[in-house]
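User: I am new to this structure and would like to learn how to read its features. Could you take me through them slowly?

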Amino acid sequence: MPMSWAYSASRQRGAESLRAVHRALDLGSTLLDTADMYGPFTNELLVGRALKERRSEAFVSTKVGLLVGEQHIVANGRPGYVKRACDASLRRLQTDVIDLYQLHRADPEVPVEETWGAMAELVRAGKVRALGLCAVGARGGRGGRRSGARLHDGTIRQLERVQQVFPVSAVQAELSVWSPEALESLLPWCETRGVGFLAAMPLGNGFLTGTLVPGEGFEPDDVRARHPRFTAEMMAANQPIVAGLRRTAGRHGEHVTPAQVALAWVLAQGRHVIPVPGTKRERWVTENAGAAALRLTPPDLAELGRLPAARGSWD
(Lines give C-alpha, C1' and ligand atoms only; values in the text may rest on other atoms or scores of the structure.)
Protein backbone atom coordinates (compact mmCIF):
# COMPACT_ATOMS: atom_id res chain seq x y z
CA MET A 1 0.00 0.00 0.00
CA PRO A 2 2.70 2.61 0.80
CA MET A 3 4.06 2.20 -2.71
CA SER A 4 0.91 3.55 -4.34
CA TRP A 5 -1.65 4.92 -1.90
CA ALA A 6 -2.31 6.59 1.48
CA TYR A 7 1.31 7.44 2.37
CA SER A 8 3.27 10.52 1.21
CA ALA A 9 2.51 10.68 -2.51
CA SER A 10 5.56 12.84 -3.19
CA ARG A 11 7.82 9.98 -2.09
CA GLN A 12 6.24 7.31 -4.28
CA ARG A 13 8.61 6.09 -6.98
CA GLY A 14 7.49 3.27 -9.26
CA ALA A 15 10.99 2.15 -10.26
CA GLU A 16 12.18 2.18 -6.64
CA SER A 17 9.13 0.23 -5.51
CA LEU A 18 9.64 -2.34 -8.24
CA ARG A 19 13.22 -2.85 -7.07
CA ALA A 20 11.87 -3.36 -3.55
CA VAL A 21 9.52 -6.11 -4.76
CA HIS A 22 12.36 -7.87 -6.55
CA ARG A 23 14.56 -7.54 -3.47
CA ALA A 24 11.85 -9.12 -1.31
CA LEU A 25 11.62 -12.09 -3.67
CA ASP A 26 15.41 -12.38 -3.75
CA LEU A 27 15.38 -12.66 0.05
CA GLY A 28 12.68 -15.32 0.09
CA SER A 29 9.76 -13.12 1.17
CA THR A 30 7.24 -14.72 -1.15
CA LEU A 31 3.93 -13.16 -0.07
CA LEU A 32 2.97 -10.10 -2.13
CA ASP A 33 -0.14 -8.55 -0.58
CA THR A 34 -1.91 -5.87 -2.60
CA ALA A 35 -5.45 -4.66 -3.38
CA ASP A 36 -7.30 -3.18 -6.32
CA MET A 37 -8.04 -0.04 -4.27
CA TYR A 38 -4.36 0.79 -3.73
CA GLY A 39 -3.87 3.63 -6.17
CA PRO A 40 -6.56 2.69 -7.09
CA PHE A 41 -5.35 -0.03 -9.43
CA THR A 42 -1.77 1.24 -9.81
CA ASN A 43 -0.27 -1.05 -7.18
CA GLU A 44 -1.61 -4.16 -8.90
CA LEU A 45 -0.07 -2.88 -12.14
CA LEU A 46 3.27 -2.43 -10.38
CA VAL A 47 3.17 -5.88 -8.80
CA GLY A 48 2.18 -7.30 -12.18
CA ARG A 49 5.40 -5.97 -13.71
CA ALA A 50 7.36 -8.06 -11.20
CA LEU A 51 5.14 -11.11 -11.60
CA LYS A 52 5.59 -11.09 -15.37
CA GLU A 53 9.16 -12.20 -14.76
CA ARG A 54 8.87 -14.10 -11.47
CA ARG A 55 5.36 -15.47 -11.04
CA SER A 56 6.54 -18.89 -9.84
CA GLU A 57 8.43 -17.31 -6.93
CA ALA A 58 5.50 -15.38 -5.46
CA PHE A 59 2.36 -16.10 -3.47
CA VAL A 60 -0.03 -13.43 -4.77
CA SER A 61 -2.76 -11.94 -2.60
CA THR A 62 -5.11 -9.17 -3.61
CA LYS A 63 -8.41 -7.81 -2.34
CA VAL A 64 -11.85 -6.84 -3.60
CA GLY A 65 -14.86 -5.03 -2.23
CA LEU A 66 -13.88 -1.36 -1.87
CA LEU A 67 -14.19 1.45 -4.41
CA VAL A 68 -12.21 4.67 -4.05
CA GLY A 69 -13.81 7.99 -4.96
CA GLU A 70 -12.48 11.53 -4.79
CA GLN A 71 -13.30 12.00 -1.11
CA HIS A 72 -14.77 8.69 0.00
CA ILE A 73 -14.52 4.92 -0.03
CA VAL A 74 -17.57 2.71 -0.54
CA ALA A 75 -18.08 -1.04 -0.35
CA ASN A 76 -19.36 -3.07 -3.29
CA GLY A 77 -20.08 -6.73 -2.66
CA ARG A 78 -22.47 -7.43 -5.53
CA PRO A 79 -21.63 -10.80 -7.09
CA GLY A 80 -21.43 -9.45 -10.63
CA TYR A 81 -19.01 -6.74 -9.57
CA VAL A 82 -16.83 -9.21 -7.67
CA LYS A 83 -16.41 -11.37 -10.75
CA ARG A 84 -15.59 -8.41 -13.00
CA ALA A 85 -13.15 -7.05 -10.43
CA CYS A 86 -11.35 -10.39 -10.26
CA ASP A 87 -10.90 -10.49 -14.03
CA ALA A 88 -9.54 -6.94 -13.95
CA SER A 89 -7.09 -7.81 -11.15
CA LEU A 90 -5.88 -10.84 -13.09
CA ARG A 91 -5.13 -8.62 -16.09
CA ARG A 92 -3.30 -6.01 -14.03
CA LEU A 93 -1.31 -8.64 -12.14
CA GLN A 94 -0.40 -10.39 -15.39
CA THR A 95 -1.31 -13.80 -13.99
CA ASP A 96 -3.93 -16.43 -14.65
CA VAL A 97 -4.61 -17.19 -11.00
CA ILE A 98 -4.69 -15.33 -7.67
CA ASP A 99 -3.36 -17.40 -4.77
CA LEU A 100 -5.42 -15.63 -2.10
CA TYR A 101 -8.42 -13.42 -2.87
CA GLN A 102 -9.53 -11.39 0.12
CA LEU A 103 -12.79 -9.58 0.81
CA HIS A 104 -11.60 -6.14 1.84
CA ARG A 105 -14.91 -5.13 3.45
CA ALA A 106 -18.40 -6.58 3.37
CA ASP A 107 -21.05 -4.50 1.63
CA PRO A 108 -23.77 -3.58 4.18
CA GLU A 109 -26.36 -3.69 1.40
CA VAL A 110 -25.45 -7.21 0.21
CA PRO A 111 -25.59 -10.33 2.42
CA VAL A 112 -22.00 -11.36 2.95
CA GLU A 113 -22.93 -14.93 2.01
CA GLU A 114 -23.80 -13.72 -1.52
CA THR A 115 -20.49 -11.95 -1.93
CA TRP A 116 -18.59 -14.94 -0.56
CA GLY A 117 -20.53 -17.27 -2.82
CA ALA A 118 -19.40 -15.28 -5.85
CA MET A 119 -15.81 -15.48 -4.61
CA ALA A 120 -16.20 -19.24 -4.16
CA GLU A 121 -17.31 -19.51 -7.79
CA LEU A 122 -14.01 -17.90 -8.76
CA VAL A 123 -12.20 -20.72 -6.95
CA ARG A 124 -14.23 -23.32 -8.80
CA ALA A 125 -13.46 -21.52 -12.06
CA GLY A 126 -9.73 -21.80 -11.38
CA LYS A 127 -9.17 -18.03 -11.19
CA VAL A 128 -8.53 -18.04 -7.43
CA ARG A 129 -6.93 -20.67 -5.19
CA ALA A 130 -8.12 -19.61 -1.71
CA LEU A 131 -10.28 -17.00 0.01
CA GLY A 132 -9.56 -14.61 2.86
CA LEU A 133 -11.40 -11.99 4.87
CA CYS A 134 -10.13 -8.66 6.17
CA ALA A 135 -11.21 -7.61 9.65
CA VAL A 136 -14.12 -5.21 10.02
CA GLY A 137 -13.04 -3.12 12.99
CA ALA A 138 -10.63 -0.28 13.47
CA ARG A 139 -8.50 0.20 16.58
CA GLY A 140 -10.03 0.02 20.02
CA GLY A 141 -11.15 3.13 21.80
CA ARG A 142 -10.11 4.52 25.14
CA GLY A 143 -7.82 2.33 27.16
CA GLY A 144 -5.79 0.89 24.26
CA ARG A 145 -5.17 -2.83 24.57
CA ARG A 146 -7.43 -3.19 27.60
CA SER A 147 -10.50 -2.37 25.49
CA GLY A 148 -9.70 -4.78 22.68
CA ALA A 149 -11.58 -7.90 23.79
CA ARG A 150 -14.74 -7.07 21.81
CA LEU A 151 -13.06 -5.25 18.92
CA HIS A 152 -13.26 -8.20 16.54
CA ASP A 153 -16.70 -9.53 17.44
CA GLY A 154 -18.11 -8.26 14.14
CA THR A 155 -15.36 -9.94 12.15
CA ILE A 156 -15.87 -13.24 13.95
CA ARG A 157 -19.60 -13.10 13.22
CA GLN A 158 -18.83 -12.58 9.54
CA LEU A 159 -16.34 -15.43 9.58
CA GLU A 160 -18.89 -17.79 11.11
CA ARG A 161 -21.35 -16.88 8.37
CA VAL A 162 -19.03 -17.22 5.38
CA GLN A 163 -17.53 -20.47 6.68
CA GLN A 164 -20.94 -22.01 6.03
CA VAL A 165 -20.57 -21.13 2.34
CA PHE A 166 -16.89 -21.82 1.58
CA PRO A 167 -13.80 -22.30 3.76
CA VAL A 168 -11.85 -19.26 4.97
CA SER A 169 -8.12 -19.77 4.40
CA ALA A 170 -6.83 -16.53 5.92
CA VAL A 171 -7.87 -13.54 7.99
CA GLN A 172 -6.11 -10.18 7.78
CA ALA A 173 -6.22 -7.76 10.70
CA GLU A 174 -3.98 -5.27 12.42
CA LEU A 175 -1.57 -6.79 14.90
CA SER A 176 1.51 -5.20 16.43
CA VAL A 177 3.17 -4.42 19.73
CA TRP A 178 1.05 -1.28 20.06
CA SER A 179 -2.15 -2.80 18.59
CA PRO A 180 -2.39 -6.28 20.11
CA GLU A 181 -6.20 -6.51 20.27
CA ALA A 182 -6.38 -9.45 17.83
CA LEU A 183 -4.71 -11.63 20.47
CA GLU A 184 -7.90 -11.56 22.55
CA SER A 185 -10.27 -13.49 20.31
CA LEU A 186 -9.54 -13.23 16.59
CA LEU A 187 -6.13 -14.94 16.64
CA PRO A 188 -7.40 -17.85 18.80
CA TRP A 189 -10.38 -18.24 16.42
CA CYS A 190 -7.97 -18.65 13.52
CA GLU A 191 -5.62 -20.98 15.38
CA THR A 192 -8.29 -23.44 16.44
CA ARG A 193 -9.58 -23.70 12.86
CA GLY A 194 -6.28 -23.90 11.01
CA VAL A 195 -6.82 -20.50 9.40
CA GLY A 196 -3.82 -18.33 8.52
CA PHE A 197 -3.52 -14.88 10.05
CA LEU A 198 -2.02 -11.99 8.06
CA ALA A 199 -0.85 -9.33 10.51
CA ALA A 200 -1.44 -5.96 8.89
CA MET A 201 0.50 -2.87 10.00
CA PRO A 202 2.96 -4.87 12.15
CA LEU A 203 5.22 -1.81 12.28
CA GLY A 204 2.46 0.51 13.49
CA ASN A 205 2.28 2.63 10.31
CA GLY A 206 6.03 3.20 10.68
CA PHE A 207 5.98 4.35 14.30
CA LEU A 208 7.53 1.16 15.69
CA THR A 209 10.57 1.53 13.45
CA GLY A 210 11.77 4.42 15.59
CA THR A 211 12.52 6.49 12.48
CA LEU A 212 9.64 8.99 12.80
CA VAL A 213 10.23 12.30 14.54
CA PRO A 214 7.40 13.73 16.71
CA GLY A 215 6.27 17.06 15.33
CA GLU A 216 7.89 16.60 11.94
CA GLY A 217 4.45 16.33 10.38
CA PHE A 218 3.03 14.44 7.40
CA GLU A 219 1.91 15.37 3.94
CA PRO A 220 -1.83 16.23 3.73
CA ASP A 221 -2.62 13.05 1.75
CA ASP A 222 -0.84 10.80 4.26
CA VAL A 223 -3.31 8.83 6.40
CA ARG A 224 -1.18 9.52 9.46
CA ALA A 225 -1.91 13.25 9.18
CA ARG A 226 -5.40 12.46 10.50
CA HIS A 227 -4.51 9.55 12.77
CA PRO A 228 -5.07 10.02 16.53
CA ARG A 229 -1.77 8.34 17.39
CA PHE A 230 0.28 10.56 15.11
CA THR A 231 -0.26 14.00 16.53
CA ALA A 232 3.00 15.47 17.79
CA GLU A 233 1.77 15.16 21.37
CA MET A 234 0.79 11.51 21.07
CA MET A 235 3.92 10.52 19.16
CA ALA A 236 5.94 11.97 22.03
CA ALA A 237 3.73 10.23 24.60
CA ASN A 238 4.20 6.86 22.88
CA GLN A 239 8.00 7.01 22.75
CA PRO A 240 8.31 4.57 25.71
CA ILE A 241 7.04 1.85 23.35
CA VAL A 242 9.86 2.52 20.89
CA ALA A 243 12.32 2.72 23.78
CA GLY A 244 11.24 -0.76 24.88
CA LEU A 245 11.82 -2.12 21.40
CA ARG A 246 15.27 -0.50 21.38
CA ARG A 247 16.17 -2.12 24.70
CA THR A 248 15.24 -5.54 23.39
CA ALA A 249 17.10 -4.93 20.14
CA GLY A 250 20.22 -3.93 22.06
CA ARG A 251 20.32 -7.27 23.85
CA HIS A 252 20.44 -9.09 20.49
CA GLY A 253 23.25 -7.12 18.87
CA GLU A 254 24.22 -3.67 17.74
CA HIS A 255 22.79 -4.17 14.26
CA VAL A 256 19.33 -5.35 15.41
CA THR A 257 16.67 -2.66 14.98
CA PRO A 258 13.40 -1.81 16.74
CA ALA A 259 11.54 -2.71 13.53
CA GLN A 260 13.04 -6.18 13.53
CA VAL A 261 12.03 -6.70 17.15
CA ALA A 262 8.48 -5.55 16.33
CA LEU A 263 8.26 -8.03 13.46
CA ALA A 264 9.83 -10.83 15.51
CA TRP A 265 7.17 -10.21 18.18
CA VAL A 266 4.46 -10.75 15.57
CA LEU A 267 6.15 -13.92 14.30
CA ALA A 268 6.32 -15.21 17.87
CA GLN A 269 2.53 -15.17 18.18
CA GLY A 270 2.14 -18.43 16.27
CA ARG A 271 3.22 -20.43 13.25
CA HIS A 272 0.02 -19.41 11.49
CA VAL A 273 0.83 -15.68 11.89
CA ILE A 274 2.49 -13.86 8.99
CA PRO A 275 3.42 -10.17 9.33
CA VAL A 276 2.72 -8.01 6.27
CA PRO A 277 5.00 -4.97 6.60
CA GLY A 278 4.51 -2.37 3.90
CA THR A 279 7.50 -0.57 2.45
CA LYS A 280 8.65 0.92 -0.81
CA ARG A 281 12.44 0.88 -0.39
CA GLU A 282 14.97 -1.91 -0.82
CA ARG A 283 16.74 -0.87 2.38
CA TRP A 284 13.69 -1.46 4.54
CA VAL A 285 12.80 -4.68 2.70
CA THR A 286 16.21 -6.05 3.59
CA GLU A 287 15.89 -4.97 7.21
CA ASN A 288 12.40 -6.43 7.51
CA ALA A 289 13.48 -9.77 6.09
CA GLY A 290 16.21 -9.99 8.71
CA ALA A 291 13.56 -10.22 11.42
CA ALA A 292 12.88 -13.83 10.42
CA ALA A 293 16.20 -14.85 11.96
CA LEU A 294 15.60 -13.02 15.25
CA ARG A 295 14.45 -15.28 18.09
CA LEU A 296 12.98 -13.42 21.03
CA THR A 297 13.43 -15.09 24.41
CA PRO A 298 10.61 -15.60 26.95
CA PRO A 299 11.99 -12.68 29.03
CA ASP A 300 11.99 -10.52 25.87
CA LEU A 301 8.37 -11.36 25.17
CA ALA A 302 7.40 -10.77 28.80
CA GLU A 303 9.05 -7.35 28.77
CA LEU A 304 7.40 -6.39 25.49
CA GLY A 305 4.07 -7.51 26.90
CA ARG A 306 4.49 -5.03 29.75
CA LEU A 307 5.01 -2.02 27.50
CA PRO A 308 2.49 0.78 28.09
CA ALA A 309 -0.65 0.79 26.01
CA ALA A 310 -0.56 3.06 22.99
CA ARG A 311 -2.22 6.44 23.41
CA GLY A 312 -4.20 8.41 20.87
CA SER A 313 -5.51 11.95 20.85
CA TRP A 314 -8.82 10.67 22.29
CA ASP A 315 -6.98 9.79 25.51
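User: Which residue in strand 6 does Tyr-101 stand opposite?

Analyst: A word on the basis comes before the reply: this is a predicted model, in which local features need pLDDT of at least 70 and side-chain atom pairs count only at pLDDT 80 or more, while totals for chains, interfaces and linings use all residues. Residues are numbered from 1 along each chain as its sequence is written, and side-chain values use heavy atoms, with hydrogens and water left out. Helices (H or I, at least four residues) and strands (E, at least two) are DSSP runs, numbered from the N terminus, and two strands pair if DSSP finds at least two bridges between them. Here, Tyr-101 stands opposite Leu-131 in strand 6, and strand 5 pairs with strand 6 (residues 128–134) in the parallel sense over five bridges.

User: How many bridges pair strand 2 with strand 5?

Analyst: Strand 2 and strand 5 are paired by four bridges in the parallel sense; Val-64 stands opposite Leu-103, and Lys-63 has Gln-102 as its bridge partner.

User: Why is strand 2 described as largely enclosed by the rest of the structure?

Analyst: A residue is buried under 20% relative accessible area, exposed over 50%, and partly exposed in between (1.4 Å probe, protein chains only). Strand 2 is largely enclosed because five of its six residues are buried, and in strand 5 (residues 98–103) six of the six residues are buried. Strand 2 also runs parallel to strand 1, joined by three bridges, with Leu-32 opposite Val-60. From strand 1 the chain reaches strand 2 by way of helix 2, and this β-α-β crossover is right-handed.

User: What span does helix 2 reach, and what is expected?

Analyst: The expected span is 1.5 Å times one less than the number of residues. Helix 2 (residues 42–54), with 13 residues, reaches 19 Å from its first C-alpha to its last, close to the 18 Å expected. Its buried residues, among them Leu-46, Val-47 and Leu-51, pack against helix 1 (14–26), strand 1 (31–33), strand 2 (59–64) and helix 3 (79–93), where contact means heavy atoms within 4.5 Å.

User: Is Gln-164 buried or exposed?

Analyst: Gln-164, in the loop between helix 5 (153–163) and strand 7 (170–174), is exposed, with a relative accessible area of 67%.

How values were computed. A crossover is right-handed if, with the strands pointing away from the viewer, the path from the first strand over the helix to the second runs clockwise.
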